[in-house]
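Me: Could you walk me through this structure, one feature after another? I am new to it and would like to learn how to read it.

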Amino acid sequence: MKFTIAVIPGDGIGPEVITQAKKALNAVAEAYDHIFLYKEAQLGSCAIDATGGPLPKKTIEICKKADAILFGAVGDPKYDNDPSAKVRPEQGLLQLRKELDLFCGVRPLKAYNNLIANSPLKREIIKNTDFIIFRELTGGIYFGKKELSEDMQSASDLSTYTVDEISRVAHLAFQAAQKRKKKVTLVDKANVLETSRLWRKTVTEIAKEYSDVSLEYLFVDNAAMKMILNPKHFDVILTENLFGDMISDVASALCGSIGLMASSSIGNENALFEPIHGSYNQAKGKDIANPLASILSAGMLLKYLGLHEEADAIERAVDKSLALGITTEDIKRKIQSSTSTSKVGDFIADYITNQDDSN
Ligand code: IPM
Ligand code: MN
C-alpha cells in the first residue's frame with residue numbers, strides 16, 4: 001500500500017533520530033511491499049530561523065494532507081533563559097497539536113527485560129512494569145489565557161476544562177484498558193483544583209459505560225511517588241495536560257533511558273508520532289543520541305495505519321538490538337560498550353530486512 005507521511009525533523013537531535021526512523025520505515029516498505037512518500041516540513045527553532053515563526057502554514061498543510069506525521073524534537077537552549085522571548089520553538093508543537101486537534105497523548109512505558117539492570121529501580125520493582133499514560137493534550141493550563149502584568153510583577157495562566165474535552169480522552173483510555181488489564185487510574189489534584197473535581201465527576205460517569213474496567217483515583221503527587229515505589233500498580237493512567245507532561249517524564253526514567261519512550265498524539269482526523277525526549281542540543285551532530293524512541297514512534301505510526309505485522313517487525317528489531325547490546329551510550333551503563341545513533345539505525349533496518357528474507 002501507499003502512504004504519505006509528513007516528516008518533521010525539528011531541532012537538536014531531531015533530524016538524526018528521524019533519519020534512523022526513516023531507515024526502519026524504508027526497510028519495512030521494502031520487506032512488506034509498501035510505498036512511503038515522505039513530505040518534509042519545518043517546525044520549531046529551525047522554522048523560526050527560516051520563516052520568523054515556529055509553525056509555518058505550509059507545515060500545517062502538509063500535515064493535514066498526510067496519512068500520519070512523524071516528528072523529531074523541538075527546542076533550543078537559546079530561548080530557554082530568555083523570559084522576554086515572544087516566539088518560542090515549543091509554541092510550534094503546541095499550535096500544531098491545537099490546529100490538528102490532537103487531543104489524546106498516548107505514552108506507553110514497558111520495562112524491557114534486557115534493560116532491567118539499567119533502571120534506577122531495584123530489579124523486583126521494575127520487572128514486568130507495563131503501563132500506558134493517556135494525557136489530554138489540547139486543553140488545560142497549556143492553552144488557557146496567559147497574562148503578564150505591565151509592570152511585570154505578576155503573571156497568570158488559566159486552566160480550563162470542559163466536560164467534552166475530558167470525555168473524549170477518557171473514552172479512549174477506557175477502551176485501551178478493555179484490551180489490557182482493565183484498570184484506569186485517574187490522576188488529578190481534586191483536593192485542591194476545581195478542574196480536577198470536574199474530571200472526577202465526568203470520568204466517574206463515563207466509567208459506568210465500561211463495567212469491565214475498574215476506576216481508581218490518585219492525587220498527582222501520590223501518583224508520582226507510587227510510580228517509583230510500585231510502578232507495576234498501573235495499567236492505564238488518565239490525566240490532564242500538565243500532570244501528564246510531568247508524570248510521563250517520571251515514567252520515562254524508570255526503564256533506564258528517556259531515549260526509549262515513544263508517543264502518539266491522536267485526533268479524529270490526524271495523528272502525530274514522536275519520541276518523548278526533547279531536542280538534547282548538547283548531543284546535536286555527535287551521532288550519540290538514542291534513536292530507539294524515534295524508531296518505536298515509527299512503529300506506533302505503522303500500527304495506526306493498520307500495519308500491525310510491520311509494527312511488530314520494528315519492535316522485534318528493537319528488542320534484538322537491546323538483547324545484543326547494540327545501543328547508544330545512554331544505556332551502556334551495564335552493557336559494556338556503546339555504539340552510534342546511525343549504527344543502531346543500520347542494525348534495526350538490516351534486522352527488519354533479513355528477518356523477512358528468512359521467512
Ligand atoms: C512533551 C513536551 C512538550 C510538552 C513541550 C516540548 C511543549 O515536553 O511533549 O512532553 O510540554 O507537551
Ligand atoms: Mn514533556
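Me: Are the residues of strand S10 buried or exposed?

Reply: Helices (H or I, at least four residues) and strands (E, at least two) are DSSP runs, numbered from the N terminus. A residue is buried if 20 or more other C-beta atoms lie within 10 Å of its own, exposed if 12 or fewer, and partly exposed in between, with C-beta atoms placed from the backbone. In strand S10 (residues 236–239), Val-236 and Leu-238 on one side are buried, as are Ile-237 and Thr-239 on the other, leaving both faces covered. This is a predicted model: local features need pLDDT of at least 70, side-chain atom pairs count only at pLDDT 80 or more, and totals for chains, interfaces and linings use all residues. Residues are numbered from 1 along each chain as its sequence is written, while chains are lettered from A and ligands numbered from 1 in the order in which they are written.

Me: Which strands pair with S10?

Reply: Two strands pair if DSSP finds at least two bridges between them. Strand S5 (residues 130–136) pairs with S10 in the parallel sense over four bridges, and strand S8 (residues 183–188) also pairs with S10 in the parallel sense over four bridges. Val-236 is the bridge partner of Ile-132 and also that of Val-184.

Me: How is the chain divided?

Reply: Domain bounds come from an automatic or database domain assignment. Here domain 1 covers 1–107 + 260–359 and domain 2 covers 120–254. Their centres, taken over C-alpha atoms, are separated by 24 Å.
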